[in-house]
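Hi everyone, thanks for coming along.

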Amino acid sequence: MAKHNSSFPTGHVAGFIVSILLTFATVGAVRYTDLPFVTVMWIIGSLAVIQALLQLFMFMHLTEGEGKMQMINIIYAFFCAIVVAAGTIWVMTSGHVHY
Amino acid sequence: MDIKWSEILVKGDPLILGSQIGIALTMIGALVLITYLKKWRYLWDEWITTVDHKRIGIMYIIVAVLMFFRGGIDGLMMKTQTAAPDMKFLDAQHYDEVFTTHGVIMILFMAMPALIGLMNVIIPLQIGARDVAFPQLNALSFWLTFAGAMLFNISFVVGGSPDAGWTSYFPLAGKEFTPGVGNNYYAIALQIAGAGTLMTGINFVVTILKMRTKGMTLMKMPMFTWTALLTNVLIIFAFPILTVALALMTFDRMFGTHFFTVSGGGNAMLWNNLFWLWGHPEVYIVVLPAFGMFSEIISTFARKTLYGYKSMIISIVGIAILSFVVWVHHFYTMGSGPVVNSVFSITTMLIAVPTGVKIFNWLFTMRKGRIQFTTAMLWSLAFIPTFTIGGVTGVMLAMAAADYQYHNTLFLVAHFHYVLIPGVVYAVFAGFYYWWPKMFGHALNERLGKWNFWLFNIGFNLTFMPMFFLGLKGAVRRSYTFSAESGFGPLFALSAVGSLILAAGFAVLVYNIYWSARYADRNISTDPWDARTLEWHTASPVQFYNFAQLPEVKTLDAFWHMKKKDKDALVLKEDELEEIHMPSNSGLPFIMCVIFGAAGFFMVFEWIPLAAIAAAFIFVGLLVRSFDYDEGYHVKVDDVKKIERAWRGEK
Amino acid sequence: MAKVDTSLPLEYQTEQNRLNIFGFWIFLGAEIVLFASLFAAHGSLYNAFADGPTPKDLFILKDVMIETLLLLTSSFTCGIAIWYMRRNNLKGLLTWLIITLLLGAGFVFFEVTEFIHYVHEGATMQTSAYFSSFFVLLGTHGLHVSIGIGWAIAVIIQLVKRGLTPTTARKTFIISLYWHFLDVVWIFIFTFVYLARMV
């Protein structure tokens with residue numbers, strides 16, 4: 001983690017550039033490949049998670065301040081988010097429910 | 001949708017007319033009385049604008065007791081209606097409104113405020129802090145809860161109550177099947193109160209993690225503080241789900257969207273799913289602080305350190321995590337199929353295990369202790385077997401295949417009352433008897449307390465035990481009557497008699513509160529139970545700054561250790577006193593309550609332009625807060641010395 | 001409050017500041033679950049088109065990319081603003097903060113025109129369950145951005161009035177966390193709401 005008072009915002013610029021690259025990679029995977037739908041979804045989903053983590057660390061200084069507790073908080077939030085989103089979709093598309 | 005002016009006041013029912021007149025008279029009477037006693041200034045300065053966690057906690061508790069009364073009347077009305085076959089006391093529409101308001105009020109406006117109130121009063125004291133992390137936000141939390149409660153409560157006289165159950169399932173809760181404003185009250189009032197609760201969650205997590213006094217590591221925190229921590233973590237991650245669910249309900253009812261309405265491709269089950277994703281953590285939100293309180297009380301009155309501290313913590317962390325992965329057990333029968341149902345059966349059965357661990361720990365705490373049968377302890381003792389009945393019937397319900405038989409029968413209703421009442425209500429009552437001296441400087445009368453306990457406990461069991469058997473015989477929930485041929489009559493009648501005894505028990509509590517306020521001895525110790533935790537190392541009622549010097553903690557049960565092994569730590573070192581920094585009072589939280597209340601009311605009646613204007617004022621309020629640079633004030637050392645000498649002199 | 005630690009960046013120096021920043025991270029945890037619930041609703045209504053328009057008919061990649069790049073760049077410029085704040089450079093902070101807000105306003109402008117386009121094509125939030133969830137999810141995000149712009153303006157006024165103090169630094173840091181967070185949410189909207197439909 002860069003010092004909080006570096007002479008050039010290398011962390012931010014690097015984060016920005018990689019985010020743009022990841023964004024274009026996502027578009028590329030969707031528009032310019034012939035992979036099956038599920039595969040593409042796993043790829044772009046992973047790219048999204050990587051970009052989110054990148055921005056959490058590089059832009060938002062997640063590790064500063066109460067770093068450890070902030071990280072536990074974000075991890076638990078993501079756990080709940082996955083349970084809520086994936087859980088809902090699973091429950092709603094199983095059995096007789098799904099029409 | 002146009003709501004006509006002439007339809008706003010509910011008409012045509014003598015009971016409701018009586019209530020409307022009663023409410024109007026009470027409100028006018030209250031305003032007149034306060035003016036006559038010249039108490040407006042006092043009320044404004046000391047209570048309405050307070051940011052003191054102890055005062056805020058007491059206001060929450062007052063709301064909870066009043067709401068217990070209202071919710072209890074709802075319960076009694078249901079029991080009256082079902083006391084005999086084909087009773088004509090309440091028609092189906094009114095019965096539906098009564099069980100809906102009963103459920104919402106008991107869970108969201110009685111249990112939550114009571115527990116949040118007790119947490120507010122006690123937690124900062126238990127961790128040796130002077131207030132919570134964000135005192136003004138804390139006040140806002142209370143006032144938003146109050147706004148939500150008031151909005152919900154006027155529904156039965158202004159516009160009509162919600163009537164689709166406390167779970168408000170679609171399609172019944174939608175505009176097509178329930179036009180009118182009743183279910184709008186549900187969507188809006190709960191949304192406002194929920195916002196307040198979410199803020200409480202954030203406040204207490206930061207407080208507990210960051211404001212513990214010197215030496216109090218996580219593993220030296222009292223058990224009530226641990227459960228409060230996990231409870232507030234659950235609040236933070238569960239309440240946003242309710243926020244979204246209620247917002248989607250609002251959109252469907254008022255703006256023509258199709259989230260849950262079948263026309264347009266919506267799915268009613270999506271509501272169930274989102275509601276219970278919140279709803280299941282919610283029941284753990286109410287039960288965890290209760291478990292924490294029992295831990296404190298059992299340990300104090302068995303005169304032993306709590307058994308199995310580490311396993312208690314692992315259990316509550318386990319409960320907190322697991323509570324997010326069991327929600328489908330509330331709707332096994334809706335058709336997600338065997339795979340989903342089996343997975344959730346397993347997780348649901350799993351979550352019973354940590355609670356079982358806790359029960360054994362409480363029993364081991366009592367083993368070889370010297371038990372004092374105070375009222376608080378009686379509630380705790382009764383909790384253990386009665387809650388266990390609720391718990392094991394829960395495991396029965398957890399099995400999805402079996403649940404197809406029990407679901408939505410009175411068996412289910414008996415189960416959840418057997419976990420909620422012994423689990424939460426007994427704990428709240430125990431907490432009242434235990435901490436009343438600390439909050440008010442006098443204790444609740446023990447003799448009246450025992451009457452309260454026995455009547456309530458016997459009444460409770462007599463009311464709800466028959467309902468297990470009624471459910472197994474086929475009696476369904478939310479049904480306003482039953483036929484004589486069904487054979488349900490005798491058990492329903494027994495249950496109704498039980499409810500009268502239960503009500504008598506509650507009446508004794510209310511009488512106890514009144515009697516003790518008038519007659520109880522004020523000259524009591526600041527540590528009447530010879531307790532173990534830091535909140536008892538203060539005056540009774542607690543001095544406004546809590547601690548003249550922040551205590552230094554060396555062990556678990558810090559206060560006990562100081563009394564028995566480190567008496568020097570109890571002495572005030574006057575020459576080391578410093579000025580104490582305190583936050584200023586603020587009228588903004590109360591003003592926001594009025595704004596939210598008005599905006600909510602306009603939304604309920606779908607007067608959107610008015611609601612938008614009122615909502616704009618919310619943002620004005622936020623801006624006022626942003627530009628507020630008030631840094632609080634300082635309490636002079638001499639004033640601190642005076643207060644400290646006064647209460648310590650009594651020792 | 002006491003306990004000033006001058007070895008830390010200005011916004012972390014006082015105890016109350018550390019509490020506020022930590023509290024805001026916790027609030028962001030709650031917001032993550034809020035958006036997850038909206039995604040959950042959207043995901044479960046993924047094909048509820050009710051014989052109305054479908055996203056495949058309506059989504060235009062170019063417009064979505066413009067919005068994405070506007071918001072992403074604004075998150076970057078917001079980071080630069082904080083970098084200037086840590087070098088005690090009020091002018092740099094204000095300049096880059098205003099650039100951030102202009103980019104944010106641009107995002108909102110493009111999003112509103114996108115919605116108007118859909119409405120003209122017969123897709124409103126009343127058209128189908130899919131579009132109900134689309135507009136509410138995107139609208140919630142857009143509303144958060146709009147409120148953020150107003151909030152940031154309030155902070156800018158306080159910075160101009162009071163200069164860079166521990167309190168104004170904390171307020172600035174917190175609005176920056178909020179702003180970055182909204183871009184993190186957008187990553188998931190971009191991926192799962194828009195791109196998933198363009199495979």
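**A tour of the helices and contacts**

Let's begin in chain B, where helix 8 and helix 10 cross in a left-handed way. Left-handed here means that the near helix is turned anticlockwise from the far one by less than a right angle, while clockwise would be right-handed. Helices in this talk are DSSP runs of H or I with at least four residues, strands are runs of E with at least two, and both are numbered from the N terminus.

Before going further, a word on what you are looking at: this is a predicted model, in which local features need pLDDT of at least 70, side-chain atom pairs count only at pLDDT 80 or more, and totals for chains, interfaces and linings use all residues. Residues are numbered from 1 along each chain as its sequence is written, and chains are lettered from A and ligands numbered from 1 in the order in which they are written.

Back to our pair. Two packed helices are described by the angle between their axes and the distance between the axes. Helix 8 of chain B covers residues 268–302 and helix 10 of chain B covers residues 338–366; their axes are 9 Å apart, at an angle of about 15°. Axes are lines fitted to C-alpha atoms, for helices over the stretch in contact, and the angles run from 0 to 180 degrees between N-to-C directions. That angle makes helix 8 of chain B roughly parallel to helix 10 of chain B. The cut-offs are under 35 degrees for roughly parallel, over 145 for roughly antiparallel, 65 to 115 for roughly perpendicular, and oblique for the rest.

Which residues of helix 8 of chain B meet helix 10 of chain B? They are Phe291(B), Phe294(B), Ile298(B), Ser299(B) and Ala302(B), and across from them in helix 10 of chain B are Lys358(B), Trp362(B), Thr365(B) and Met366(B). Nonpolar covers Ala, Val, Leu, Ile, Met, Phe, Trp, Tyr, Cys and Pro, charged covers Asp, Glu, Lys and Arg, and the others, Gly among them, are polar.

Now compare another pair in chain B. Helix 11 (residues 375–398) and helix 13 (residues 410–440) of chain B have axes that come within 8 Å and cross at roughly 160°. So helix 11 of chain B is roughly antiparallel to helix 13 of chain B. This crossing is left-handed, and the contact holds 17 nonpolar residues, nine polar and no charged ones.

Next, how the chains meet. Chain B puts 17 residues in contact with 14 residues of chain A, where contact means that C-beta atoms, placed from the backbone, lie within 7 Å. On the chain B side, two or more residues come from each of helix 7 (223–254), helix 8 and helix 10. Helix 8 of chain B gives the most, with four residues. That side of chain B has twelve nonpolar residues, five polar and no charged ones.

How many residues of chain A are in contact with chain C? There are 41, and they touch 36 residues of chain C. On the chain A side, helix 1 (10–31), helix 2 (37–58) and helix 3 (67–92) each supply at least two residues. The largest share, 14 residues, comes from helix 3 of chain A. By class, this side of chain A has 25 nonpolar residues, 14 polar and two charged.

Chain C itself has six helices and zero strands. Its C-alpha trace spans about 65 × 30 × 25 Å along the principal axes. Of its 199 residues, 54% are buried, meaning 20 or more other C-beta atoms within 10 Å of the residue's own; 12 or fewer is exposed, in between is partly exposed, and C-beta atoms are placed from the backbone.

Finally, some backbone details. Most residues other than glycine have a negative phi, and most peptide bonds are trans. Asp51(C) has a positive phi of about 60°; this residue sits in the loop between helix 1 (15–44) and helix 2 (55–58) of chain C. With 9 C-beta neighbours inside 10 Å, Asp51(C) counts as exposed. In chain B, a cis peptide bond with omega about 0° joins Phe170(B) and Pro171(B), and Pro171(B) is in the loop between helix 5 (135–153) and helix 6 (182–210).

Terms used:
Two residues are in contact if their C-beta atoms, placed from the backbone, lie within 7 Å.
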